[in-house]
Amino acid sequence: MVSLLTRTRRLQFSCLHRFLRSFNVKPGNVTRCASLDSALSAFRSICGEDGVSLGEAVREQHGKDESLHRCCPPDVVLFPSCVEEVSALAKVCHRHRLPIIPFGTGTGLEGGVSAVKGGVCFSLRNMDQVLDLHQEDFDVTVEPGVTRKALNSYLRDTGLWFPVDPGADASLCGMAATSASGTNAVRYGTMRENVLNLEVVLADGTVVHTAGKGRRPRKTSAGYNLTNLFVGSEGTLGIITKTTLRLYGIPESVVSAVCSFPSIQDAVDSTVQVLQAGVAIARIEFLDDVMIDACNRFSCLSYPVMPTLFLEFHGSEQSLKEQVNTTEEITQSNRGSDFQWAQDAETRERLWKARHDAWYAALALRPGCKAYATDVCVPLSRLPQILVETKEDLIENRLTGPIAGHVGDGNFHCLLLVDPSDPEELHRVHLFTERLARRALAMDGTCTGEHGVGLGKRALLREEMGPTAIQVMQGLKDVLDPDNVMNPGKVLQPREI
């Protein structure tokens, strides 16, 4: 008689054949099937039956983010609960040359979690501990399952907060992996400036601490900057399993305001002049007329349908008066309206929730359509020109693309709405995004300010960096991941495993 174990193995093998067929991998590839079959047993021995999922719904959930890129499910999803398990699982994948795709919360916008070569998804949601909080030193260490909202909730009674805010309630380690930023970056910087140390599991399962184990100095000039090598690496060099972050004191006073302008040029000129005046503004966000109209409808607001700035000031009561007076003088000299104030916490939260809901507000303009967010960033002096030219381009090519941006950094997004069943519109959107990116590059900017490269900007990255820099990046990738198993096909042009 055939044993239960043998029948189970045959069932697993049959399932793996079906998975491989769904990814256009030939069923006759017995070696690959055998590797996956052998690896499954090892995976279960490391993180248990509940830590391994072959379910179609679970795999599809982990094969797509918020972007337009199609779903590419992994062959299997793993749920490790500690760095030791991540390391052991990575060693198994390395031994069998199986692709590894790290997964945080799936809120990315560039297809960074798509399993384009199949493989193994490491879902890190079970590693959700705040490990070390040093209030007197203004730093904290967290695991990859901790999101920014969860951390700030944990910090609520300490007088501290973590200000980097991309809008989505993203994983903090995922934010490090994409070098995320958001509305507060003009005052507090991006993830790149706020990560002190990382624990990373490399492709072969080796665990490395980028600034030394347990180290958390506010500054260092010791050796190569490995921390910033992994910040923005998008899972292509290793799996981030801990990050040590800078924290900040909650400001004594906070006030927000809204100001409307007759033109984009006036709004952006005001932004540049506010920063040139040395105002330590905490947030300065731009919304064009189409976007403010969408936000009004979606969030039940009533702001004038004109190019608009959302502003926020942090500091002592005295410093706020000085910041506000200087900013009002500048905006009024550029034909701005009187400020509409949001002083109490509830009104401020409603205002910034409306800004963070801009993605959903834009989608509501064309129900049934999908959205794609551009992400260019240019030097501040070129911001007025690129925004005006982009608006003209949208109108000329009959595209719906509300504009919102972190203009204090020179970074803005067109939220392009497109009918995925309309090839002609998809083509127009593609051509527009290429023109916009190259317009930014021609102005000494970048094709991506905070979303990352992922799948869609690999060719643009080559144009931006040039062949020599790309060769250096590829050399680093080859040293750390010689078999190209770490999130293959992302950032750099794909290479065969």
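Guide: Let's start with a word we'll need a lot: buried means under 20% relative accessible area, exposed means over 50%, and partly exposed is in between, using a 1.4 Å probe and the protein chains only. What you see is a predicted model, where local features need pLDDT of at least 70, side-chain atom pairs count only at pLDDT 80 or more, and totals for chains, interfaces and linings use all residues. Residues are numbered from 1 along each chain as its sequence is written, and side-chain values use heavy atoms, leaving out hydrogens and water.

Visitor: Which residues of α15 are buried?

Guide: Helices here are DSSP runs of H or I with at least four residues, strands are runs of E with at least two, and both are numbered from the N terminus. Helix α15 covers residues 383–396. Its buried residues are Leu383, Pro384, Ile386, Leu387, Thr390, Lys391, Asp393 and Leu394.

Visitor: How far apart are the end C-alpha atoms of α15?

Guide: The expected span of a helix is 1.5 Å times one less than its number of residues. With 14 residues, α15 should therefore span 20 Å, and that agrees with the distance between its end C-alpha atoms, 20 Å.

Visitor: What do the buried residues of α15 pack against?

Guide: Think of contact as heavy atoms within 4.5 Å. By that rule, the buried residues of α15 pack against α10, β13, α11, β17, β18 and α16.

Visitor: Let's zoom in on isoleucine 386. Which residues is it in contact with, leaving aside neighbours within four places in sequence?

Guide: Isoleucine 386 is one of the buried residues of α15. Beyond those close sequence neighbours, isoleucine 386 is in contact with Val376, Val378, Phe412, Leu436, Arg439, Ala440 and Met443.

Visitor: Which residue with a positive phi follows α10?

Guide: The helix α10 has 13 residues and reaches 18 Å from its first C-alpha to its last, close to the 18 Å expected. After it comes a residue whose phi is positive, near 80 degrees: glycine 278.

Visitor: Where does glycine 408 lie?

Guide: Glycine 408 is buried, with a relative accessible area of 11%. It touches Val186, Thr271, Leu275, Ile284 and Leu380, not counting residues up to four places away in sequence. Its place is the loop between β17 and β18.

Visitor: Is cysteine 300 buried or exposed?

Guide: Cysteine 300 lies in the loop between α11 and β14, and it has a positive phi of about 55 degrees although it is not a glycine. At 60% relative accessibility, cysteine 300 counts as exposed.

Visitor: What volume does the second largest pocket have?

Guide: On a 1 Å grid over the protein atoms alone, a cavity is a set of points where a 1.4 Å probe fits but cannot get out, while a pocket is an open set with protein on both sides within 12 Å along at least five of seven lines; lining residues have an atom within 4 Å of a point. Grid points are joined across faces, edges and corners, and a volume is the space filled by probe spheres set on the points. For the second largest pocket, that comes to about 840 Å³.

Visitor: Which residues are the closest to the centre of the second largest pocket?

Guide: In all, 42 residues line it. The closest to its centre are Arg192, Gly232, Glu234, Val453 and Leu461.

Visitor: Which helix gives the most to the lining of the second largest pocket?

Guide: Four helices, α8, α9, α17 and α18, each supply at least two residues of that lining. The most, 4 residues, come from α18.
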